Amino acid sequence: MTGGARLCRLVGAALFVLVLLIDQGSKYWILYDFNLPERETVALLPFLNFTMVWNRAITFGMLGGLGAAGRIVFPVVALLIVLLLAVWIARTTRPWVAGALGAIMGGAVGNVIDRLHYGAVVDFIHAHAYGWSWPVFNLADAAIDCGVAVLLIDSLTDRRGPRTAALSGTLAGTEKER
């Protein structure tokens with residue numbers, strides 16, 4: 001294993017563990033120390049509340065019609081995806097991609113733990129402003145979204161090496177000569 005591959009695996013693993021610990025710690029605090037289930041909603045800022053939601057579906061309430069089967073289906077699918085992402089981490093040579101994948105994995109596993117422990121995902125962050133309201137989410141969801149954003153940005157960047165760029169320039173020059 002090269003030093004670059006080792007760095008990528010380390011970055012991916014570190015982000016996985018960090019996101020998982022922060023996610024599970026925040027949910028423990030919200031449930032047992034802040035006692036949000038009894039308080040239901042607490043305004044923090046004019047645009048931000050803590051609001052208790054037990055999400056039995058997936059993102060934005062999609063596929064909520066699966067009922068009790070969702071408690072098994074969602075974790076199994078999530079863990080299969082996590083395994084595929086782990087393979088991706090093992091193969092990538094870009095640390096920021098490994099970090100994004102680790103964050104996605106940590107968030108996914110955090111939500112799987114909730115489903116297995118509580119039967120639903122603990123969501124509590126509610127952003128809203130000027131009559132608009134974002135669906136209630138948690139830190140695992142935020143980590144997944146940020147990880148996906150990094151992967152999308154990475155996929156849009158030009159990673160052509162010097163040889164590929166030189167070849168493209170040569171081909172473009174050939175076209176101009178015709």
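A contact means heavy atoms within 4.5 Å. On that basis, residues 24 or more positions apart account for 65% of the contacts in the protein with a separation of 6 or more. This is a predicted model, in which local features need pLDDT of at least 70 and side-chain atom pairs count only at pLDDT 80 or more, while totals for chains, interfaces and linings use all residues. Residues are numbered from 1 along each chain as its sequence is written, and side-chain values use heavy atoms, with hydrogens and water left out.

The protein has 6 helices and 4 strands, where helices (H or I, at least four residues) and strands (E, at least two) are DSSP runs numbered from the N terminus. Along the sequence the pattern reads α-α-β-β-α-α-β-β-α-α. Of the 178 residues, 35% count as buried; buried means under 20% relative accessible area, exposed over 50%, and partly exposed in between, with a 1.4 Å probe and protein chains only.

Turning to the aromatic rings, rings of Phe, Tyr and Trp (its six-membered ring) pair if their centres lie within 6.5 Å; planes under 30 degrees apart count as stacked, over 60 as edge-to-face and the rest as tilted. By this rule there are 6 aromatic pairs. Trp-29 is partly exposed at 37% relative accessibility, whereas Phe-50 is buried at 14%.

Phe-50 also pairs with Phe-34: the centres are 5.5 Å apart and the planes stand at 85°, so this pair is edge-to-face. Phe-34 lies in the loop between H1 and helix H2 (36-39), 16 residues from Phe-50. Phe-34 is buried, with a relative accessible area of 15%. Ring pairs join Trp-29, Phe-34, Phe-50 and Phe-124 into a cluster. The charged end of Arg-39 sits over the ring of Phe-34, 4.2 Å from its centre; the criterion is NZ of Lys or CZ of Arg within 6 Å of the ring centre and within 35 degrees of the ring normal.

Helix H1 also packs against another helix. The axes of H1 and helix H5 (residues 139-156) come within 8 Å and cross at roughly 150°; axes are lines fitted to C-alpha atoms, for helices over the stretch in contact, and angles run from 0 to 180 degrees between N-to-C directions. H1 is therefore roughly antiparallel to H5, a term for angles over 145 degrees. Val-19, Ile-22, Asp-23, Ser-26 and Lys-27 of H1 make the contact with Leu-139, Ala-140 and Ala-143 of H5.

Conventions: Parallel < 35°, antiparallel > 145°, perpendicular 65-115°, else oblique.
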